[in-house]
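Student: Hi, could you walk me through this protein? I'd like the overall picture and then a few spots in detail.

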Amino acid sequence: MHNSFNAPKMHVLIVALTCVYFAVRPASPAVSRPSTMVLQNNEFSNVVVAIHESIPENAALIDTLKNTLEEASKYLYKATRQRAYFKEIKILLPSTWTPHAAYDHVTSETLNMADIVITDPIRGKRSLPQTRSYEGCGRQGVHVLITKDFLTNPTIDPYTNNSAKYLVHAFAQFRWGVFQEYAEEGEEVFYVSFNSGIPEAIKCIYFIRGLIERNDTSSTTPCYITNSLDPLTGLYDKHCVWNPYPTRQRAEASIMDHQYITALETFCDDNRTNYMTVHNYEAPSKHNRLCGHRSTWDIVTSTPDFAGGNNPPRFLLDQQLTPTFKIMRASARRKRALVFVESESPKVTEESLLAIGRLKRETSRNDIQLVHVQGKVLSETDFVTDEHVILVTQNMTSATHALKKQNVHVVIPRGFEDKRVISEIHSKFHHQGRVHVEGQVYVHQMLDHMRTSIFSDLHERYTIITQREIILNGLEPIEGEVGVDETLARHMTFIFLYEDEVPSIDLSSPSGAIFDMNTDTYHVDIDFKMIQFHFHFTEVGLWKFKIHQTAKDSQKVRLTVISSSSHERHDSINVKTSVKITSQGPNIVSMHVDVTQGVHPVVGLNVSAYVETPGHKTLTLQLFDNGAGADITKHDGVYSREYSRFTDVGLHHVTFVIHGYGMRDVHTKEETFSIDMTKRRLNKHVTKRSVNGGVERHVYGGVVYLPDKAIKDEQNLLTMSVPPSRVHDLRATLSLKYRRTVVLTWASAADDVNHGHDISYTIYVGYDINDVRAFLDFTDTGLYNGTGNVEMERFDRSTSGYGQEVKLWMPKRVSKTLAFAIKAVDSSGKVGPSSNVASALNPRQLMSRENKHQP
C-alpha cells in the first residue's frame, strides 16, 4: 500500500457521508431514511433518542427523559394490545456535554439518524411532540421531535403526567404512518354525519363525549343546533368549537385523537361489536382522508411489524416493560479525513488528489489525506472499527468487504461501465445509505462529496448556499446573484474554480460594498485553480457577482458559496431529502425535500430538482407543497414530486436547489400549545414569521438506479399502466350564490405520473347512505350493499398540470345528506384510486324546508 501523503496507516478518520441519502425504496418497512430500530419478540431495540447540541448540559433532563420513556413503553404496550414495547433505548448526548466514564461508546449513532430528537424550547410555550413524515399510511416517517420544555415543564391537570402518552401518539405517526383523528389548524371542525344527518365533531369514535362551545365570548356558552347553525352550510358557525371531556369518557380509542382524554389508550379498529373502539369511518379527519378511511389499527397491523402474525400478543408485567438505557456522548474529537483510492486509472487518482487539495484550502484543514492502493484487493480487516473512510474503488469484492463496516462509504468512479456490478452493489447496499455509485465522477463531484463529509464533521455548522457552473464566452462578462438569509452567521466564503486563465471577479454586498482582487478578502491559488473571497461576517440580502476574463477563449467557472449556519439569535435552516422508487411502478421516483428552521417548517419556497441522466441530459422538475399528488400535507415545509418519464437505464443523480429571495410569502410556521385554565382547554397557536434575506440552498439528493426492466422507449412509456394520482383532499360545500348547488374542490390529479395526459373525472354520489365503506366498495366494484341510493357520472377536464379543481354540482334526488368521491381518469383510460369521501347537506332538502315555511 502506497501512501501519497505519508499518512499513518489506518489511523485517520473521515466522517460519514450523511448527505448521500441513498435514494431507493427500502425493503422493509418502507422508510424515509435508513433506520436501525428493530421490533422482534415484541421488543423495540436500538431506538436512538438524541439530545440536540443547542440544549445546555442538564443531568436531570436525562432522568426525566428516562422516566418518560419508561411510561411510554407501558402506554405503547397497551396501545398495541400487548404487541410492542421499548426494550433497548440509546440516549445520545451532545459532544458539548461533559464526558463521563459510565457513558457507552458511540458506534454509528448520530443526531441525523435518531428516531426521537429532543430540541430547544419554542419561545417559552409548551409544544407537543411533532412527527415529520413524507408518506404515511403504513410507511415510516423521518423522526419524532420533542421540545425540552414539554418534558420538564408540566402544567395543570388533566394535561400533567401525560408526556408519555403524547410521545406514543407521535411515535405511532412516525413508525406506522397513521395520522391525527381530530381537526387540525385551518380545517373544518364539524362535518355532516351520514348516520345522524346532523353536524358532528371530527373525532375517532362517535361516542366520545364533550361540549360544543362558542370561543368568541368571555365566558363558556354552548352552541346549540337550534340557534348556532349556518343556514347555508348546515354546520355550526365559525365561532363554535369542539371540546371533548378530558375525563368521564367510556370510549377507549383512539390514541390518535386528543391525547389528553385519559380513557383513550388504544387504536380505533373495525370490530363493530365494541362501539367504544370502532373506527369513525365518515369523519373527514386527516387519517381518513389520506388512508382511505381505514381504521388506525388496520393500518398498524398491516405493517411488517405485525402483518402475517408477526409479534403476536404477549403477556408481560409492568416491570418487564421497563427498557434498558445506554447513555452515549457524541464524539468531540476533530476528525481527520482518509480517502482510499483503489484504481488503475491515473485520472481517478489525479482527480481525487486535486479534490483533496482544494478542500484543504477551502477549510484550512491539513488532516485530509489520500491513500493510493495498488496491487491489492482490500479485505474487511483493512478497515479498523472506529474509522470512517471513503473508498474510491472499481472492485466489487473490495466494495463488499468495505461495506461490512458501518464507517465506510464507497464511491464508484468514472470509467466503470460494468452495469451488472453497479446494479449488484446497489441492490445489496442501497438501504444503508453508504454507497455512491457514480458513473460519471469528475473532480467537482468528488470535491462535493468530500466537502459535505467535512462539514458534517463540523456538526452541521456549515451550509452550502449555492453551487453553479458558469460558462464564460470570450470577453463577455457574466453577472449573477446569491441570496443570503438571516440564519447564516459568520465565515462566509465565495469559491470560484476555473479551468484555464484566472478570471477577474467583483463582488458586491447587499449594502453596495465592492470586493475585488485588491481587497484583503481575495485569495487566488494558481496550483488548484481557485479564487476565494472569505468573510468573517455575513450581510443579509442579495450578493451580486460579475465575472469577466481577458482571454477570448471559453472556459467554465464553478461557483460554490458556503457559510456558517450557527447563529446566536436564529435557528439554522435545515434541509433533508428523500429520493426513491415508489411501489406504484418500476420507474416512478418520488422526491421529497423537508425544509425547517429549528423545528418549524419553512413555507413558500421554490424548490427544484435537477436530475442528471446516464445519457448526460438534465431534467428540471419543480417540487410542490400544495397537498396534492405525492405531497400529503399542504404548507408543512415538505416539498414533493413524483416523476416517471425516464428513458435511460442506469444511475440518475438528483440535486435540489432551493430559492426564497424575492418571495414575500417565505416564512416559518410555528405551532405551539397552551392551556386555557378557565375553560380547561388545549389551545393551538400558529405564528407565521418571515425569513429575512434571500433563502438559497444547494443540496445533493442522492442517486437512483433504474434497471433495464424499468425503462421503455418513448412510445411504450406513454402507454404504461400507471394510473393517475389519488385525490385525497376532496371537499364539498354549499354554494352561497346558487342554493341548489354543491361546490366540490380538490387538487388536480394531473401530474407527471400521467405523462401529460388530460384528466377527466368520475364522480360518485351517495344519497342518504349509511356506510362509508360500502360506498367506497361501490366506487371500486360498481356494486352497493347499503341503504340509500348511489349514482356515478363522468365529467371532463382539460387540465394536465397542478392546480385547484372546482366543480359546481346539482343533486338529482331529494335527500338529507350527500356523499361524494371522485376518481381521476386519463385520456388513455387508466383510472386512479378513489378519493376520500366528502359530505354535505342536500341543498334540495334545504329548499324544500324553506318552501314549507313560506306563506
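Predicted model: local features only at pLDDT ≥ 70, side-chain atom pairs only at ≥ 80, totals over all residues.

Student: Great. How many helices and strands does the protein have?

Tutor: There are 12 helices and 46 strands.

Student: And what share of the residues counts as buried?

Tutor: That is 58% of the 855 residues. As for contacts between residues at least 6 apart in sequence, 75% of them join residues at least 24 apart.

Student: Let's go inside. Which residues touch the most other members of the largest nonpolar core?

Tutor: Those are Phe 44, Ile 118, Trp 176 and Phe 267, in a core of 68 residues. Helix α3, residues 163–176, supplies the largest share of this core, with nine residues. There is also a second, separate core of 25 residues, and among its members are Met 591, Val 593, Ala 609 and Leu 621.

Student: New topic: how many cavities of 30 Å³ or more turn up?

Tutor: Three, from a search of the whole structure.

Student: I've been looking at Lys 203. Where is Lys 203 found?

Tutor: Lys 203 belongs to the loop that runs between β11 (199–201) and β12 (210–214).

Student: Is Lys 203 buried or exposed?

Tutor: Lys 203 is buried, yet it has no salt bridge. Glu 200 carries the nearest side chain of opposite charge, 4.3 Å away. A salt bridge needs a distance within 4 Å.

Student: What is Lys 203 in contact with, leaving aside its neighbours within four places in sequence?

Tutor: Its contacts are Glu 181, Ile 208, Trp 242, Asp 257, Asn 280 and Ala 283.

Student: And His 491, where is that found?

Tutor: His 491 sits in the loop between β22 (478–484) and β23 (492–497).

Student: Which residues does His 491 contact beyond four places in sequence?

Tutor: Among them are Tyr 462, His 534, Phe 535 and Ser 563. Ser 563 is 72 residues from His 491 along the chain, with 5.7 Å separating their C-alpha atoms.

Key: Residues numbered from 1 in each chain as written. Heavy atoms only, no water. Helix = DSSP H or I, 4+ residues; strand = E, 2+ residues; numbered from the N terminus. Buried < 20%, exposed > 50% of the residue type's maximum accessible area, 1.4 Å probe, protein only. Lys, Arg positive; Asp, Glu negative; His and termini not counted. Contact = heavy atoms within 4.5 Å. Core = buried A, V, L, I, M, F, W, Y, C linked by side-chain atoms within 4.5 Å. 1 Å grid on protein atoms, 1.4 Å probe; cavity = no way out; pocket = protein on both sides within 12 Å on 5 of 7 lines; lining within 4 Å. Points joined across faces, edges and corners; volume = space filled by probe spheres on them.
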